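Please look at the sequence and the structure below before reading on. The briefing then goes through the chain topic by topic.

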Amino acid sequence: MAEKPQPVQVLYCGVCGLPAEYCEFGSDFEKCKPWLIQNAPQVYPDLIQDANSKEVDGVSDQLQSSSITDSTGSSGSSVPKQEPVKRLPGGKIKKKDKQEVIIEKVTRNKRKSITTIKGLDLFGIKLSDASKKLGKKFATGASVVKGPTEKDQIDVQGDIAYDIVEFITDTWPDVPETAIYFIEDGKKVPAV
């Protein structure tokens with residue numbers, strides 16, 4: 001009979017809590033390096049080479065006193081060595097969007113204009129509900145569309161920039177008036 005498959009044992013980092021193979025993609029990779037060198041040397045062999053050639057966070061003394069054993073599975077077969085891969089320190093961190101509402105008036109056909117409102121969703125406001133309220137308040141068409149940056153925004157027909165700040169702060173008290181900006185002549189101007 002065939003043997004039952006055994007579950008995979010995953011080693012989690014003691015610093016960031018991610019699986020050891022994914023520490024480089026976390027935000028604390030530099031803090032994780034000493035722990036990884038000591039507890040998971042088979043995952044990042046290039047860290048050990050770097051630590052032997054130069055001191056990494058003061059752990060080179062510990063490395064010289066400790067020995068690294070070859071990890072073999074219970075079946076006795078060893079893992080084939082792979083070429084060391086160049087890794088980016090720390091990975092990439094996505095910046096959080098600033099919580100601000102940006103209002104811009106776009107003129108088309110000389111007389112017609114559209115007011116776009118971006119950033120309401122950052123305050124936890126459902127854009128479809130907001131567009132309905134804006135359409136009812138100003139008696140005009142309002143819709144949720146994808147902007148040029150692939151983020152949703154609200155397009156309202158007409159020039160409603162004069163009353164929009166008061167309406168937003170009254171309807172959604174979570175949005176402070178200091179977080180609302182106008183785009184005028186390509187410059188961001190506070191609405192206050």
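Is Asn109 buried or exposed? Asn109 is exposed, at a relative accessible area of 63%; buried means under 20% relative accessible area, exposed over 50%, and partly exposed in between, with a 1.4 Å probe and protein chains only as cover. This is a predicted model, in which local features need pLDDT of at least 70 and side-chain atom pairs count only at pLDDT 80 or more, while totals for chains, interfaces and linings use all residues. Residues are numbered from 1 along each chain as its sequence is written, and side-chain values use heavy atoms, with hydrogens and water left out.

**The chain as a whole**

- The chain has five helices and six strands; helices (H or I, at least four residues) and strands (E, at least two) are DSSP runs, numbered from the N terminus.
- Read from the N terminus, the order of elements is α-α-α-β-β-α-β-β-α-β-β.
- Of the 192 residues in the chain, 31% are buried.
- The accessible surface is about 14,100 Å², and carbon and sulfur atoms hold 50% of this surface; accessible areas come from the Shrake-Rupley method with a 1.4 Å probe, and for residues only the protein chains shown count as cover.
- Among contacts with a separation of 6 or more, 42% join residues 24 or more positions apart; contact means heavy atoms within 4.5 Å.

**Helix α4**

- Helix α4 covers residues 127-138, and its twelve residues should span 16 Å at 1.5 Å a residue; the expected span is 1.5 Å times one less than the number of residues.
- Leu127, Ala130, Ser131, Leu134, Gly135 and Phe138 are the buried residues of α4.
- Seen down the axis of α4, these buried residues fall within an arc of 135°, so they line one face of the helix; the arc is that of the directions from the helix axis to the C-beta atoms.
- An α-helix has 3.6 residues a turn, so residues three or four places apart point the same way.
- Lys132, Lys136 and Lys137 are exposed on the other side of α4.
- The cover over the buried residues of α4 includes β2 (112-118), β3 (142-146), β4 (152-157) and α5 (161-171).

**Helix α5**

- The buried residues in α5 include Ala161, Ile164, Val165, Phe167, Ile168 and Thr169.
- Against the buried residues of α5 pack β1, β2, α4 and β5 (180-184).

**Salt bridges**

- The count of salt bridges comes to five; a salt bridge is a side-chain nitrogen of Lys or Arg within 4 Å of a carboxyl oxygen of Asp or Glu.
- Side chains of opposite charge can pair when their charged atoms come close.
- One of the salt bridges joins Glu30 and Lys33, at 3.3 Å from N to O.
- Glu30 and Lys33 are three residues apart in helix α1, and thus separated by about one helical turn.
- Glu30 is partly exposed at a relative accessible area of 41%, whereas Lys33 is buried at 13%.
- Another salt bridge links Glu104 and Lys118, at 3.6 Å from N to O.
- Glu104 lies in strand β1 (residues 101-108) and Lys118 in strand β2, so this pair ties together parts that are 14 residues apart in sequence.
- Glu104 is partly exposed, with a relative accessible area of 24%, and Lys118 is partly exposed at 28%.
- Asp152 and Lys146 also form a salt bridge, with their closest N and O atoms 3.5 Å apart.
- Asp152 is partly exposed at a relative accessible area of 33%, while Lys146 is exposed at 55%.

**Positive phi values**

- Most residues other than glycine have a negative phi, and most peptide bonds are trans.
- Asn109, in the loop between β1 and β2, has a positive phi near 55°.
- Asp185, in the loop between β5 and β6 (187-190), also has a positive phi near 55°.
- Asp185 is exposed, with a relative accessibility of 81%.

**A nonpolar surface patch**

- Val8, Val10 and Tyr12 make a nonpolar surface patch of about 320 Å².
- Patches are made of residues with over 30% relative accessible area and no salt bridge, with like charges joined within 9 Å and nonpolar side chains (Val, Leu, Ile, Met, Phe, Trp, Tyr) within 5 Å.
- Tyr12 lies in the segment before α1 (29-39) and is partly exposed, at a relative accessible area of 48%.
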